Amino acid sequence: MTMISSNITARRPTGVGLLPWQARSDAWTAQIHYQGRSMTVPFFTGSAHAHPTTWDVVYCLLSDAHYVMWGQTLEEFCSDFGYDLDDPDSREAQEATATYRQTVKQTRSLKRLLGDDFERFMAMD
């Protein structure tokens with residue numbers, strides 16, 4: 001397998017379009033490179049964490065991908081993470097839905113990045 005590399009830079013969370021937990025986190029922009037392809041993702045850590053590594057970011061992307069790759073629905077995703085969907089108009093339900101949709105979108109990007117090696121990386125997680 002070809003090596004994965006990254007450029008990870010600190011950035012200030014703007015508060016615009018961020019979920020509450022993101023606004024309280026240290027924000028990073030991670031550009032991941034693999035076999036001539038790349039993807040850029042926002043990445044958040046708690047204030048006690050040091051500068052994230054390439055593997056920190058890739059591991060989180062792979063871990064997130066498990067939730068959508070094996071057919072997990074929005075309802076199952078929310079149940080696993082403790083979100084309440086009883087009131088679909090609640091802020092919590094809207095945040096949960098946004099998080100799920102972002103996970104689906106980033107998993108598609110991760111599949112494009114890793115190409116034919118996607119399944120091998122998923123097996124490493």
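Helices (H or I, at least four residues) and strands (E, at least two) are DSSP runs, numbered from the N terminus. Residues are numbered from 1 along each chain as its sequence is written. This is a predicted model, in which local features need pLDDT of at least 70, side-chain atom pairs count only at pLDDT 80 or more, and totals for chains, interfaces and linings use all residues, while side-chain values use heavy atoms, with hydrogens and water left out.

Select F77 and F81. Both residues lie in helix α3, 4 residues apart, which is about one turn of the helix. F77 has 4% relative accessibility and therefore counts as buried, whereas F81, at 42%, counts as partly exposed. Here buried means under 20% relative accessible area, exposed means over 50%, and partly exposed lies in between (1.4 Å probe, protein chains only).

Next, display the aromatic rings. Rings of Phe, Tyr and Trp (its six-membered ring) pair if their centres lie within 6.5 Å; planes under 30 degrees apart count as stacked, over 60 as edge-to-face and the rest as tilted. The structure holds 6 aromatic pairs. In one of them, the ring centres of F77 and F81 are 4.9 Å apart and the planes stand at 45°, so this pair is tilted.

The rings of F77 and Y100 have centres 5.2 Å apart and planes at 65°, so they form an edge-to-face pair. F77 belongs to helix α3 and Y100 to helix α4, so the pair ties together parts that are 23 residues apart in sequence.

**Second stop: α3 against α4**

Two packed helices are described by the angle between their axes and the distance between the axes. Axes are lines fitted to C-alpha atoms, for helices over the stretch in contact, and angles run from 0 to 180 degrees between N-to-C directions. Select residues 74–81 (α3) and 91–114 (α4): their axes come within 10 Å and cross at roughly 110°. The two helices are therefore roughly perpendicular to each other (angles under 35 degrees count as roughly parallel, over 145 as roughly antiparallel, 65 to 115 as roughly perpendicular and the rest as oblique).

Which residues of α3 and α4 make the contact? On α3 they are L74, F77 and C78, and on α4 they are A96, T97, T99, Y100 and T103. Contact means heavy atoms within 4.5 Å.

Keep α4 and select helix α2, residues 54–69. These two helices pack at an angle of about 110°, with axes 9 Å apart, and are therefore roughly perpendicular to each other. From α2, the residues L61, L62, D64, A65, V68 and M69 meet Y100, T103, V104, Q106, T107, L110, K111 and L114 of α4.

Select D26, which lies in strand β2. With a relative accessible area of 30%, D26 is partly exposed. Apart from its neighbours within four places in sequence, D26 is in contact with F43, F44, T45, G46 and S47.

Finally, select Q35, in the loop between β2 (26–34) and β3 (37–45). Most residues other than glycine have a negative phi. Phi of Q35, however, is near 45°, a positive value. At 39% relative accessibility, Q35 counts as partly exposed.
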